[in-house]
Amino acid sequence: PGFFTLTVPTGGGKTLSSLAFALEHALAHGKRRIVYAIPYTSIIEQTASVFREVFASFGEEVVVEHHRHLDVAEHPEDHANRLAAENWDAPLIVPTNVQFFESLHAARTSRCRKLHNLVGSGIVLDEAQMLPRDFLAPVLQTLKLLVAHYGVTVVLCTATQPMLASRHEPVTRRKMLDGIDDAREIVEAPDTLFDVLRRVDVHMPADFHEPTSWDSIASAIAQDDCALAIVNTRKHARDLFKRLPQEGSEHLSALMCAEHRSAVIARIRERLKAKREGTDTQPLRVASTQLVEAGVDLDFPIVYRALAGMDSIAQAAGRCNREGALSQR
């Protein structure tokens, strides 16, 4: 038990692989339950649905999904809601990062009712690069406390592992971050896995100082029958979407309510599947914010990404040729 990392390229099956490891680890070390924390509600609904299919024979109450759209204050109170909001008394809990870390740090009795059920559990932090940077120090301190004193094992699961080791000021050697220094990688040679699962060619701009207009980007996307564009802000997503041919175009952003967003993502998935099968001949062009960047199961033949950090570019690449079906990307 302790800290583990699972570094697998996007589209490499890390969701089920990390759950399989957590289950084997729980059997080997007598863990009581698994908490699978996810950063976005757009991912949690997808992941919880997959887990329910896996464990369908054990009944619906095996998997408890917990995010702000399932708050008992806004929904009829039933057994599953009580489990989710009060004490996480189920074998597999799937909360958002917000629900998980607020439960650990909140000073409210209602939030504290679930803390005893974290003792002796396995915690998987999916898309670990999304840990809140502004609160990274207290988050890491709390995770280390759970591992050291409460029999918890933590798995940091992502294609782009964040630098969570302790950091020191170069001259005085004063510790700037009390990080995680003893995490063990689950995959023996993750670099080899990245080579085997390489499915995308990344093309950088010729001049990083010369911006490209939205009209030019929209014109380039319009030449493609099926393409995804990921931008950095909701305003940019809206501006780009307005410039795309409206027939077959879709828009995704965090301003959409959860039900609407889920419906649009489901519609995009269905159309992508139909295109692969040759039954959909209409163009499909999507302008989206980063909400599809990490973990959302979409597979486009070409993806445009507004300039960002290499971790964001790597995550965006995971929405391109995700299933490895294309020889040309």
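## Stop 1: the cavity

Start by selecting helix 1 (14-29), strand 5 (122-126) and strand 6 (153-158): each of these gives at least two residues to the lining of the largest cavity. Keep in mind as you go that you're looking at a predicted model.

How many cavities of 30 Å³ or more does a search of the whole structure find? The search turns up 1. The largest cavity has a volume of about 40 Å³.

Now show side chains for its lining: Ala22, His25, Ala26, Lys31, Gly122, Ile123, Thr153 and Val155. Helix 1 supplies the largest share of that lining, 3 residues. Color by class and the lining of the largest cavity splits into 4 nonpolar, 3 polar and 1 charged residues.

If you're wondering how such spots are found, rolling a probe the size of a water molecule over the atoms shows where empty space is left.

## Stop 2: the largest pocket

Next, move over to the largest pocket, which holds about 940 Å³ of space. Its lining has 32 residues, and the ones to click are His203, Tyr304, Arg305, Ala306 and Leu307, the closest to the pocket's centre.

Then select the elements that each give two or more residues to this lining: helix 8 (214-222), strand 10 (226-230), helix 9 (234-243), strand 13 (303-305) and helix 11 (310-317). Sorted by class, the lining of the largest pocket has 22 nonpolar, 5 polar and 5 charged residues.

## Stop 3: helix 8 meets helix 9

Stay here, but hide everything except helix 8 and helix 9. Their axes come within 9 Å and cross at roughly 55 degrees. Because of that angle, helix 8 is oblique to helix 9. Which hand does the crossing of helix 8 and helix 9 have, left or right? It's right-handed.

Zoom in on the side chains where the two helices touch. On helix 8, pick Trp214, Asp215, Ile217, Ala218 and Ile221; on helix 9, their partners are His236, Asp239, Leu240 and Arg243. This contact of helix 8 with helix 9 has 5 nonpolar, 1 polar and 3 charged residues.

## Stop 4: the second largest pocket

Bring everything back and head for Pro39, Tyr40, Thr96, Asn97 and Val98. Of the 24 residues lining the second largest pocket, these lie nearest its centre. The volume of the second largest pocket is about 580 Å³.

The class tally for the second largest pocket's lining is 12 nonpolar, 7 polar and 5 charged.

## Stop 5

Terms used:
Residues numbered from 1 in each chain as written. Predicted model: local features only at pLDDT ≥ 70, side-chain atom pairs only at ≥ 80, totals over all residues. Heavy atoms only, no water. 1 Å grid on protein atoms, 1.4 Å probe; cavity = no way out; pocket = protein on both sides within 12 Å on 5 of 7 lines; lining within 4 Å. Points joined across faces, edges and corners; volume = space filled by probe spheres on them. Helix = DSSP H or I, 4+ residues; strand = E, 2+ residues; numbered from the N terminus. Nonpolar A, V, L, I, M, F, W, Y, C, P; charged D, E, K, R; others polar. Axes fitted to C-alpha atoms, helices over the stretch in contact; angles between N-to-C directions. Parallel < 35°, antiparallel > 145°, perpendicular 65-115°, else oblique. Left-handed = near helix turned anticlockwise from the far one by under 90°. Contact = heavy atoms within 4.5 Å.
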